[in-house]
Amino acid sequence: EKKGVVVLSPSTSPSPKEITHDQVLDLFRDWNDSLGSGSSDMVAEKYADDAILIPTSMNQPRKGRDSIREYFEGVVKRSPT
């Protein structure tokens with residue numbers, strides 16, 4: 001049995017890519033370190049230019065890196081580093 005995680009890719013990409021559990025953990029740690037840095041710019045850089053974020057604390061999706069950066073500006077201000 002093949003175990004892995006499928007990462008959704010943009011519609012311009014030929015097919016999704018499969019990644020391992022360890023790669024998922026590395027991506028999460030990298031993202032979490034960015035969040036812990038207190039820099040919304042560092043967090044936003046983890047997202048594609050055309051990414052869509054559905055925040056847990058809002059009913060409105062954030063579309064695009066700039067909008068995602070704005071969202072995380074508030075998050076990092078409220079979070080202890």
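# Questions on a predicted model

Trainee: Why is Ser34 called buried?

Mentor: Buried means under 20% relative accessible area, exposed means over 50%, and partly exposed is in between (1.4 Å probe, protein chains only). Ser34 has 2% relative accessibility, so Ser34 counts as buried. This residue lies in helix H1.

Trainee: What does Ser34 touch, not counting residues up to four places away in sequence?

Mentor: Ser34 touches Ser39, Met42, Val43 and Lys46, where contact means heavy atoms within 4.5 Å.

Trainee: Which residues make up the largest nonpolar core?

Mentor: The core has 10 residues: Leu35, Val43, Tyr47, Ala51, Leu53, Ile68, Tyr71, Phe72, Val75 and Val76. Five of them come from helix H3 (residues 65–78), the largest share. A nonpolar core is a set of buried Ala, Val, Leu, Ile, Met, Phe, Trp, Tyr and Cys residues joined through side-chain atoms within 4.5 Å. In soluble globular proteins, nonpolar side chains tend to be buried together.

Trainee: Why does Ile68 count as buried?

Mentor: The relative accessibility of Ile68 is 0%, so Ile68 counts as buried. Ile68 is found in helix H3. Leaving aside neighbours within four places in sequence, Ile68 is in contact with Tyr47, Ala51, Leu53 and Arg62.

Trainee: Which residues of H3 are buried, and what do they pack against?

Mentor: Arg65, Ser67, Ile68, Arg69, Tyr71, Phe72, Val75 and Val76 are buried in H3. The buried residues of H3 pack against H1, helix H2 (40–44), strand E3 (52–53) and strand E4 (62–63).

Trainee: Is Arg69 buried or exposed?

Mentor: At 16% relative accessibility, Arg69 counts as buried. Its contacts, leaving aside neighbours within four places in sequence, are Ser40, Asp41, Ala44 and Glu45.

Trainee: What joins the side chains of Arg69 and Asp66?

Mentor: They are joined by a polar contact of 2.8 Å. A polar contact is a pair of N or O atoms within 3.5 Å; within protein, one must be able to donate a hydrogen and the other to accept it, and residues adjacent in sequence count only if both atoms are side-chain atoms.

Trainee: Why does Gly74 count as partly exposed?

Mentor: Gly74 has 24% relative accessibility, so Gly74 counts as partly exposed. Gly74 lies in helix H3. Between Gly74 and Ser40 there are 34 residues in sequence and 8.5 Å in space, C-alpha to C-alpha.

Trainee: How many aromatic pairs does a search of the whole structure find?

Mentor: The search finds four. In one of the pairs, the ring centres of Trp31 and Phe72 are 6.1 Å apart and the planes are at 75 degrees, so the pair is edge-to-face. Trp31 is in helix H1 and Phe72 in helix H3, 41 residues apart, so that the pair links distant parts of the chain. Rings of Phe, Tyr and Trp (its six-membered ring) pair if their centres lie within 6.5 Å; planes under 30 degrees apart count as stacked, over 60 as edge-to-face and the rest as tilted.

Trainee: Which residues do ring pairs link into a cluster?

Mentor: The cluster holds Phe28, Trp31, Tyr47, Tyr71 and Phe72. Phe72 counts as buried at 4% relative accessibility, whereas Trp31 is partly exposed at 23%.

How values were computed
Residues numbered from 1 in each chain as written. Predicted model: local features only at pLDDT ≥ 70, side-chain atom pairs only at ≥ 80, totals over all residues. Heavy atoms only, no water. Helix = DSSP H or I, 4+ residues; strand = E, 2+ residues; numbered from the N terminus.
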